[in-house]
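These are my notes from looking through one structure. I wrote each entry down after looking the item up.

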Amino acid sequence: MKRNPGRARVAGGAEWNVPSRRMRWAVYGCALAVAMALPWLAGCGGLPLQAATTGSSKYKGGKPTKTLTAPAAVAFGNVNVGGSSQKTLTITNSGTAGVNVSQVAATGAGFSVSGLQMPANIAAGASATMTVTFAPTATGSASGSLTIASSASNSPATVVLTGTGVEPGLSVSPTSLAFGNVNVGSSGNQTLTLTNSGTAALTVSAVTATGTGYSVSGLSLPANIAAGASASLTVNFAATVTGSASGTLTITSSASNSPASVALSATGVEPGLSVSPTGLAFGNVNVGGSGQQALTLTNSGSAALTVSAVTATGTGYSVSGLSLPTTIAAGASARLTVAFAPTAAGSASGSVTITSNAANSPATVALTGTGVQPGLSVSPTSLAFGNVNVGSSGQQALTLTNSGSAALTVSAVTATGTGYTVSGLSLPANIAAGASASLTVTFAPTAAGSVSGSVTITSNAPNSPATVALTGTGVTPGLSVSPTSLAFGNVNVGSNGQQPILLTNSGSAALTVSAVTATGTGYSVSGLSLPATIAAGASASLTVTFAPTAAGSASGAVTITSNAPNSPATITLTGTGVTSTYTLTATPSSLSFGSINVGAQSALTVSVANTGNTAITISSVGTSGAGYTTSGITANQTIAAGASATLTVTFAPTATGSASGTVTIASNATGSPLSIPVSGTGVQLDVALNWAASTSTVTGYNVYRGSVSGGPYAKLNSALLGATAYTDPSVVAGDTYYYVVTAVDSSGVESDYSNQVTVNVP
């Protein structure tokens, strides 16, 4: 937007001289609005589009215009008769000069106008408002107009007015309610429908019921019912006494026929129930059978008696003969049948409950009866025979007891399972109530192993057939011998060798060992008192001895006789009688340690071998000569034939000079003791070191030694050395050593290593 100090141009091309800055901006702004977007015209004071966009004339001096704009129509819609609706009407001076409104008049039934003082002056671009009211006095559509007389060029202006008068109406259906007979203590309900038969919303503000026993529910108040719609409410009559009862239902609403009334009528009636007899005793009834008795129901009241439910409680009791619900007229009677069919022995109590509309509902009739029947109790309920040897048998008793209240008849007794039989009861057998009878069950296994079975007892007892579980195990002994052969190897003539034999009962019955014998020269057996019994899974041992009397091989056997199926069992025996040789040798036969530094030590080993055919026992190991000790072989050590042991001899001289000695091994070998000469020389070796003093001021020196050229080195002195010489006494002949020296100043800072010196000790 740019400013033009003298004129403004609209989109159509016309121009006007604009005398003032304010008017110039307004008109120019209007022109922009027309040029850019039509909806902005309203903001330009209602300037007609044609005036802004057509023609090409130029007006000099600004000719004024007077134009009054107003809505074309005002629609009030539905308005309740007797009520009113108001709307605000705005008129606008869309010209360039003031407009004088001289008169505003409304025509049409129910229409009026107010709020604008006449005459009214409306400046250019300004607006004025007035209030138009529609207050219908009758239902139906209404139309009218509003005429506005003014000094505007388009006067008079006319506004079309429309509206509809509406009114609610209440229609009640039915117009009266008759509940008829209602039993005292109960109630009856009926539905009332309220319909809005008018053209406006109906408001129900109150619904009240008068008359004893009457009440109303089902409608939340105030209730609004649209035109043509309906709503329901429930009227209840609860009779508290016999006799007629009348009342009224009053409905207050916004309808013109308010209040509306509905007449109410009902009669309270009361039935009565008499039951005969009041109790039933069935006595004893066999379980599985049944007993029946009748009950009479009489209506002793003045209204119809409705029996809605008849139920029987208590085990075995039931009721029949009456279709429910059933109605019994006043003074009339009906019958029903009660049955007792016990399912178990013993007393049973119960009741029949009769539910009706009588005041004494529910009525109850007590029921008693006793179920009787035989009963079978078996003791014990299972039989466990445990282990029974194959070929023999075990027996156990069963007791059958009549635990019921009637005679028990046992018709069959059977046994299943290999080896099981039953006897001792003649069938059929009658057992009086509370009495007992016995039978015998036998288990005679024919093979080893577990056997299960059962005894089945068939009777007239309810738990027939009764079953007794049977278990048992056929058992046999078994003999397992370990080892199955014995090899004694070489045994010196005049001595003996012994080995054990383990006898295990690998069967399931007790094993009886009746005889154990040994055959073969030099063989004997001991350790088992006969006859010997070995439990299943248990073991016993015996000892076999081989004592040869001459050199040479000898064979034999041990024979074990028992009650096991594999009897007799045989163990083979082998052995050799030998003449003993005991020879102990040493390799090497002597030891030479050479030169050993005093304070050091050296160790050498000797292999001590048993070259004979008999084990040798060392009794002692001793040494002679200064500095010699032994280890590796000790007293009471045994060296088996052909085996060897290692003896370690250590020489640790305590003084210089030659030292000789002897290691002595005492044993049971031929030529004992075995002597091993030892020799060595104690020498004193050391390395003397010296070095040039440091040219710097130092506190002392450290000497280091290594066994590998270039280190690593270990420090020899425990404290700083003040001198420039050191003697190393801890060297070993034949070894090579590498020495370095460092200097340490007063701050504890140590220098690098000196040059390395190599020393070969001879």
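**Entry 1: a charge over a ring.** I looked up Phe 76 and found Lys 87 over the face of its ring, 5.8 Å from the ring centre. I count a charge as sitting over a ring if NZ of Lys or CZ of Arg is within 6 Å of the ring centre and within 35 degrees of the ring normal. Phe 76 also belongs to one aromatic cluster, together with Phe 111 and Phe 134.

I note here that the model is predicted: local features need pLDDT of at least 70, side-chain atom pairs count only at pLDDT 80 or more, and totals for chains, interfaces and linings use all residues. Residues are numbered from 1 along each chain as its sequence is written, and side-chain values use heavy atoms, with hydrogens and water left out.

**Entry 2: aromatic pairs.** How many aromatic pairs does a search of the whole structure find? The search gives 21. Rings of Phe, Tyr and Trp (its six-membered ring) pair if their centres lie within 6.5 Å; planes under 30 degrees apart are stacked, over 60 edge-to-face, and the rest tilted.

I looked up Trp 691 and Tyr 701, an edge-to-face pair with 5.8 Å from centre to centre and 70° between the planes. The pair links distant parts of the chain, 10 residues apart: Trp 691 is in the loop between β57 (687-690) and β58 (700-706), and Tyr 701 is in strand β58. Strands are DSSP runs of E with at least two residues, numbered from the N terminus. Both Trp 691 and Tyr 701 are buried. For burial I use relative accessible area with a 1.4 Å probe and protein chains only: under 20% is buried, over 50% exposed, and in between partly exposed.

The next pair I looked up was Tyr 713 with Tyr 753. It is edge-to-face because the planes stand at 70°, with the ring centres 5.2 Å apart. Tyr 713 lies in the loop between β58 and β59 (714-715), and Tyr 753 in the loop between β61 (736-744) and β62 (757-760), 40 residues apart. Is Tyr 713 buried or exposed? Tyr 713 is buried, because its relative accessible area is 18%. Tyr 753 has 47% relative accessibility, so I list it as partly exposed.

**Entry 3: Asn 299.** This residue lies in strand β23 (residues 291-299). Asn 299 counts as buried because its relative accessible area is 1%. What does its side chain reach at 2.8 Å? It is the backbone oxygen of Ala 303. A polar atom of the Asn 299 side chain also lies 3.2 Å from the backbone nitrogen of Gly 272. A polar contact is a pair of N or O atoms within 3.5 Å; within protein, one must be able to donate a hydrogen and the other to accept it, and residues adjacent in sequence count only if both atoms are side-chain atoms. Leaving aside neighbours within four places in sequence, I find Asn 299 in contact (heavy atoms within 4.5 Å) with residues including Pro 271, Leu 305, Ile 328 and Gly 331.

Entry 4: Val 451 touches Thr 418, Tyr 420, Phe 443, Leu 470, Thr 471 and Gly 472, not counting residues up to four places away in sequence. Val 451 and Gly 417 are 34 residues apart in sequence, with their C-alpha atoms 6.9 Å apart in space. The side chain of Ser 459 reaches the backbone nitrogen of Ala 461 at 3.2 Å.

**Entry 5: strands.** Two strands pair if DSSP finds at least two bridges between them. Strand β15 (residues 202-210) runs antiparallel to β17, joined by three bridges, and Leu 202 stands opposite Ile 225 in β17.

I also looked up β54 (residues 644-651), which pairs with β50 (residues 602-610) in the antiparallel sense over eight bridges. Val 608 has Ala 645 in β54 as its bridge partner. Strand β52 (residues 628-631) is joined to β54 by four bridges, also antiparallel, and Tyr 628 has Phe 651 in β54 as its bridge partner.
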